[in-house]
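Have a look at the sequence and the coordinates, then read on.

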Amino acid sequence: MFEREAPPATLSDVLASPDAVVAELARVRPMAEDAVTLSLLDPTALSAAGRVDMLVALERQAALIAAQQQRVLARMAVEQSDDRNWVREDVACALRMSGRTAARRLAVAQTLVERLPAMLRLLDRGQVSHLHAVTLAEAIYPLDEKQAHAVEERVLPRAPEQTLSAFQRSVRRAVARVAAATVEEQRAEAMTKRRVCLTPRDDGMTELWALLPAEGASAVVTAVDALASVTSADDPRTPDQRRADALVDLGVAALHDPLLPKAQGMRPSIQVTVALSTLLGTDEQPGELAGHGPIPASVARRLAADESGTWRRLVTDPVTGQLLDYGHDTYRPPKDLAEFVIARDQICTFPGCERPAGRCDLDHRTPYREGGSTSSKNMGPLCERHHIGKHQAGWTPHRHDEDGSTSWISPTKHVYRSRPPDLPHDTTSDPPPF
């Protein structure tokens, strides 16, 4: 990439020679004022080659902006003195992301600014993408300064010409050489990252992903294979389908174990919400499966009719579309009130937090000792961190009964709004469409 040899393009340049302008922008180091020029370029007025150059120029402009954002985030990260600091929540709310993602963004930015100045310069010059920078920052995060510098020196010379996957391989090789660890040490580190993740899809299915120790994964697969081997001549399922069903059977069997720990005093179950009109077959609107989202009406009806106790059926009110309320005046919510609040809000009410309500504290918005009632209007689920944030860090919630949303005022006086996932709305009492 070359430095500037001429002043920035003017509007007349853009109109007269758009291809030449964009070719120059793709060649030189990006500058903030280039964003204006790029906004004036019409892709339909460019040749095929010009459009390729415009993509390159836009990508480099995005890298410049990403570098600027890293410096802002890094400065905010410095303000995080301990676990009781709430900068993470400011970032999460402002950028509409989870707290975990915000913490990651802060850590990456601080690492780039403080420990990887050469990589940050490449990003500033548009020579690498933000994802290249993130890859290196996360890879050297656990290394000491000498090791981190050695890795950076090994991988940066080729970084501008490498694809992201090629750069990731280079980084892994460099870390392995510079910070070689024994197999036992590598396994110990990897064991701290074991987890299970769900990714809902739009077709009523969900992808289940797990990072497990090798022997644990072998145990799961062996059990699945054993269950899937039980079949008959008239079984239409493929081997893969039988294995998938076997894994579900293992989970359902575990839910019926009497020794399974309870949450909020209730046996674990999966919440499925369906409108009365859908149960009656007068419409086909989707149901709502907790932790997943919309599911087809046929699936919602089948789960709602299940009597095994695996699925917890909830039916929405035909007038308001919300769950029915319960009224109580004791401090600790009784079982039916707790069930209602958990079913209504579904997740922690803090913006961007998706901790299931059943694993949260049930908080009195107006404290009980200050006259707050133990009622659905005054109670909502908060995970441990955001419960602490409300009482110790100055985050203030206000619930809006008309739509179930909650406004949160941060210590910096910014206002963010959260709302629970939508529930199916019963249509049996809707007026006719004529």
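R71 and D124 join their side chains in a salt bridge, with 3.1 Å from N to O; the term stands for a side-chain nitrogen of Lys or Arg within 4 Å of a carboxyl oxygen of Asp or Glu. Because R71 belongs to helix α4 (residues 48–78) and D124 to helix α7 (residues 117–124), this pair ties together parts that lie 53 residues apart in sequence. Helices (H or I, at least four residues) and strands (E, at least two) are DSSP runs, numbered from the N terminus. R71 is partly exposed at 37% relative accessibility, while D124 is buried at 14%. Here buried means under 20% relative accessible area, exposed over 50%, and partly exposed in between (1.4 Å probe, protein chains only).

Before going further, please keep in mind that this is a predicted model, in which local features need pLDDT of at least 70, side-chain atom pairs count only at pLDDT 80 or more, and totals for chains, interfaces and linings use all residues. Residues are numbered from 1 along each chain as its sequence is written, and side-chain values use heavy atoms, with hydrogens and water left out.

**Salt bridges**

By the rule above, the count comes to 19 salt bridges. Three of them are set out here.

| Pair | N to O distance |
|---|---|
| R71 and D124 | 3.1 Å |
| E145 and R115 | 2.9 Å |
| E207 and R201 | 3.7 Å |

E145 and R115 meet in a salt bridge, and this pair links distant parts of the chain: E145 sits in helix α9 (residues 145–155) and R115 in helix α6 (residues 99–115), 30 residues apart. R115 is buried, with a relative accessible area of 16%. In the E207 and R201 salt bridge, E207 is partly exposed at 44% and R201 is partly exposed at 39%. Salt bridges with shared partners also join R344, D345, R399 and D401 into one network.

**Buried residues in the helices**

Helix α6 also holds L106, which is buried at 1% relative accessibility. The C-alpha atoms of L106 and R75 are separated by 9.0 Å, although the two residues are 31 apart along the chain.

T135 is found in helix α8 (residues 130–140) and is buried, with a relative accessible area of 15%. Which residues touch T135, leaving aside its neighbours within four places in sequence? They are L164, F167, Q168 and V171, where contact means heavy atoms within 4.5 Å.

In helix α2 (residues 18–27), the residues P18, V21, V22, L25 and A26 are buried. These five lie on the same side of α2, because they cover an arc of only 135 degrees around the axis; the arc is that of the directions from the helix axis to the C-beta atoms.

**A nonpolar patch**

On the surface, V196, L198, L208, L212, V220, L227, L247 and L250 form a nonpolar patch with about 680 Å² of accessible area together. Elements giving two or more residues to the patch are β1 (195–200), α12 (214–228) and α13 (239–255). Patches are made of residues with over 30% relative accessible area and no salt bridge, with like charges joined within 9 Å and nonpolar side chains (Val, Leu, Ile, Met, Phe, Trp, Tyr) within 5 Å. L212 lies in the loop between β2 (206–211) and α12, and at 39% relative accessibility it is partly exposed.

**Confidence**

The mean pLDDT (the predictor's confidence in each residue, from 0 to 100) is 82, and 85% of the residues reach 70 or more. Over residues 324–331 the pLDDT is below 50, and this stretch has 21 contacts in the model beyond near neighbours in sequence.

Definitions and conventions
Areas by Shrake-Rupley, 256 points an atom, 1.4 Å probe, with all protein chains shown as cover.
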